[in-house]
Amino acid sequence: MHDAVMAALGTVNDPELHRDLVSLGMIERAEVVGGVAQIKVNLTTPACPLKGQIEREVREAVLTVPGVENVQVTFGATVRMAAQPALPGVKHVLLVGSGKGGVGKSSVAVNLAASLAADGARVGLLDADVYGPSVAHMLGQGAARVTANAERKMQPLEAHGLKFISMANLSPAGQALVWRGPMLHSAVQQFIKDAAWGELDYLIVDLPPGTGDVQLSLTQTVNVTGAVIVTTPQDVALIDAARAIDMFRKASVPVLGVVENMSYFVAPDTGNVYDLFGRGGSRKLGEQYPLLGEVPIDMDVRQDADAGVPAVLAHPNTPASQALIRVARNLAGQVSVLAVNKELSQSLADLPDQLTVV
């Protein structure tokens, strides 16, 4: 019976990886007791965007096995790591950038991190926007201060289920930082390598706008899994977003997708939809960069940020929060695809050049 169940599960493909669950090693348990099949699927991310589809297809496949009358599907999750970890204990470093300011990049970064953590991932958030740090305020920890642990490493602060470090928690409130490139590089090095991040699935990095010293330092310091570009729909923003994409391309950092923020506005009194900045403009950046999602303008997102609670946690059912949750899960899916494909490429590279013929 076990072999028949596994054969049935071998017909079910992961919708994003396009390989069957058995060959991907995603079946943790497959038992049949009294006509009830108990299947545990170990997903490649707890934020799997297509979990419902996988559950449905597993049920349908296993019910075709003679003697199986019912199917119970449970899930676990282990985030796959591509070859070497980005940092000791950190599986993936993900950069959130934009070509210009004012597109809501920090708000998107905070809500992506909070959404991934809410789904069960171990998440860190680094506010690398040194000149304009806002992450601490958005997490309700603007007055907190970073301390050192027994090993004299910076101890990240914690809020809403995630770890974070921001320059706002290291310098006096309202003080301007007038730093040149070498000082920025040193600060980034310390944030990345001299902080006790511990075991993380994802370290989200909120970059400053543009294509400057911080971006260059990060891509030279750590093995970055990929980048997310945040833009608004109008051409003025897209021109700068294209420059950010070109910077990551030159730094050999994969662009995992684009987030179109402030994509549209739904009037709360009438329900009418207004495209204040146009809509769908991010598709002009090219089909090779997946559109992770379109996030509408929503007052709750701004109010929740000022109140220190990410909108995806404070008001998870609003259209903007639902859009941000989808963006986070789509991003997690893109990371899984990249990691598994690199894992497969590495395993093929490890094969001998010539196989013995028997």
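This is a predicted model: local features need pLDDT of at least 70, side-chain atom pairs count only at pLDDT 80 or more; totals for chains, interfaces and linings use all residues.
Reader: What makes D201 and K91 a salt bridge?

Author: A salt bridge needs a side-chain nitrogen of Lys or Arg within 4 Å of a carboxyl oxygen of Asp or Glu. For D201 and K91 the N to O distance is 3.7 Å, so the pair meets the rule. The two residues come from distant parts of the chain: D201 is in strand 10 and K91 in strand 4, 110 residues apart.

Reader: Is K250 buried or exposed, and how do you know that?

Author: Exposed means over 50%. K250 has 61% relative accessibility, so K250 counts as exposed. Its salt-bridge partner is D246, with the closest N and O atoms 3.1 Å apart. Both residues lie in helix 7, four residues apart, which is about one turn of the helix. D246 has a relative accessible area of 26%, so D246 is called partly exposed.

Reader: Why is L276 called exposed?

Author: The cut-off for exposed is over 50%, and L276 has 52% relative accessibility, so L276 passes. You will find L276 in the loop between strand 14 (273–274) and strand 15. Together with Y274 and F277, L276 forms a nonpolar patch on the surface, and the three have about 290 Å² of accessible area together.

Reader: What makes strand 4 and strand 11 a pair?

Author: Two strands pair if there are at least two bridges between them. Four bridges join strand 4 (residues 90–97) to strand 11 (residues 226–231), so they count as a pair. These two strands run parallel, and one of the bridges has G97 with I229 as its partner in strand 11.

Reader: What makes strand 8 and strand 15 edge strands?

Author: The open sheet has eight strands in the order 8-9-5-10-4-11-12-15, with mixed pairing. Strand 8 (157–159) and strand 15 (291–294) are the edge strands: each pairs on one side only. From one strand to the next, the twist averages 25°. Helix 3 (residues 105–118) packs on this sheet, and its direction makes about 170° with that of strand 10.

Reader: How do you know that strand 1 and strand 2 pair?

Author: At least two bridges are needed. Strand 1 and strand 2 (residues 36–43) have six, in the antiparallel sense, so they pair. I27 stands opposite V41 in strand 2. Helix 1 (residues 2–9) packs on the sheet, touching strand 1 and strand 2.

Key
Residues are numbered from 1 along each chain as its sequence is written. Side-chain values use heavy atoms; hydrogens and water are left out. Axes are lines fitted to C-alpha atoms, for helices over the stretch in contact, and angles run from 0 to 180 degrees between N-to-C directions. Contact means heavy atoms within 4.5 Å. Patches are made of residues with over 30% relative accessible area and no salt bridge: like charges are joined within 9 Å, nonpolar side chains (Val, Leu, Ile, Met, Phe, Trp, Tyr) within 5 Å. Accessible areas come from the Shrake-Rupley method with a 1.4 Å probe; for residues, only the protein chains shown count as cover. Buried means under 20% relative accessible area, exposed over 50%, partly exposed in between (1.4 Å probe, protein chains only).
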